[in-house]
There are 2 protein chains.
Amino acid sequence: MGDLEIRPAVAEDIPAIVAMLADDPLGAQRESPDDLSPYGPAFERLAQDPNQHLTVAVREGRVIGTLQLTVIPGLSRKGATRSIIEAVRVHADERGSGLGTQLIEWAVAESRRLGCHLVQLTSDASRTDAHRFYERLGFTASHVGFKRQL
Amino acid sequence: MGDLEIRPAVAEDIPAIVAMLADDPLGAQRESPDDLSPYGPAFERLAQDPNQHLTVAVREGRVIGTLQLTVIPGLSRKGATRSIIEAVRVHADERGSGLGTQLIEWAVAESRRLGCHLVQLTSDASRTDAHRFYERLGFTASHVGFKRQL
C-alpha cells in the first residue's frame, strides 16, 4: 500500500470528491455526480477564501478521502478562533482502513497549527457509527445541531 | 420603546458584546469582561473577513443583542453555501421581548440575501429552552454537535 498524502484539493479533484459525497445514504439524495456544473463555482469560492481548507487524501494518485476545514474567528471564549469540520468522506474501498482517523487527526493538528482553540463538527443524528468514531477521537457530544433549509 | 436597529458591530461595541457573552451560565466560566485585551485582535480578524458578520441589535443607543453569522461555501449539496449562527445573546433586561426571534429572523433573511441554502447552529445540550426556541423558528434538531478543545 503506497504512502498517503493529505493535501489541499485542486479543481481536478472535483469529480472524485463529488463521487464520494454522493456515495452515502444521505448524500445520494443531495448530490448530482452526473452533472458537475454546480460544483465548479463553489470550488472557486472555496479556493478564494483563506479560511477555507478543502482537503483530499490521496494514495497512488487516487483521491480516497476528503474533508472541509473552516477557520472561524470570534469574540466568544476570550476571542478564541475555532475550526469546523464538514463533509468528511472516505472512499468505500478504504473504509475500516483507519483513513477516517488519519483525516480527522490531520484536521485537528492543522487547526492547532492555525491557532484554533476548539474544533467542532456536527453529524446527522442517524449516523450512530460516526458518533462513536468521533467520541473515540476525543470529541464530546455536548451540543444539539439545528438546521433550517432556505 | 425606541426603534430597533440591527447593524454590523464596530470596535466600540466590544465591551457591551463581551458583557453579554459573560452574563450567561456557560459564558461566565469562559469570558473575561474585566480584561478586554484578548477581544480586540479577535475583533480585527472578524472585521477583515468578508464572510464574517458580527452583528448587534441596538435600541436607543444601547447594545441589547448580538450574534455572529459566518458564511461558508462548500461542495456538498450541489455546491450549496451555508451559514452558521454562533454566539447569540440577548441582554438580560430584554429577554422575553421577542428580540431573540428578531435577531434569528434577521440572520435567516441575511443568509438568504447572501445566497445561502441552509442555516445551521449548535446549542449546548443543557440549553433546553433555546432548543424549543429554535424549533419554533423552523429549525430541525437533526444533528449531534461534537467539540474537542485544543
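Visitor: How many residues of chain B are in contact with chain A?

Guide: In this predicted model, 62 residues of chain B are in contact (heavy atoms within 4.5 Å) with 62 residues of chain A. Local features need pLDDT of at least 70 and side-chain atom pairs pLDDT 80 or more, while totals for chains, interfaces and linings use all residues. Residues are numbered from 1 along each chain, chains are lettered from A in the order in which they are written, and side-chain values use heavy atoms, with hydrogens and water left out.

Visitor: What area is buried between chain B and chain A?

Guide: About 6100 Å² is buried, with carbon and sulfur atoms giving 56%; buried area is the accessible area (1.4 Å probe) that two parts lose on being put together, summed over both. In chain B, Leu75(B), Phe146(B) and Arg148(B) lose the most area to chain A, together 16% of what that side buries.

Visitor: Why is the pair Glu105(A) and Arg148(B) called a salt bridge?

Guide: The term requires a side-chain nitrogen of Lys or Arg within 4 Å of a carboxyl oxygen of Asp or Glu. The closest N and O atoms of Glu105(A) and Arg148(B) are 3.6 Å apart, so the pair qualifies.

Visitor: What makes strand E5 (residues 118–124) of chain A and E6(B) a pair?

Guide: Pairing needs at least two DSSP bridges between strands (DSSP runs of at least two residues, numbered from the N terminus). Seven bridges join E5 of chain A to E6(B), therefore the two pair, and they run antiparallel. Ser123(A) stands opposite Val144(B) in E6(B).

Conventions. Helix = DSSP H or I, 4+ residues; strand = E, 2+ residues; numbered from the N terminus.
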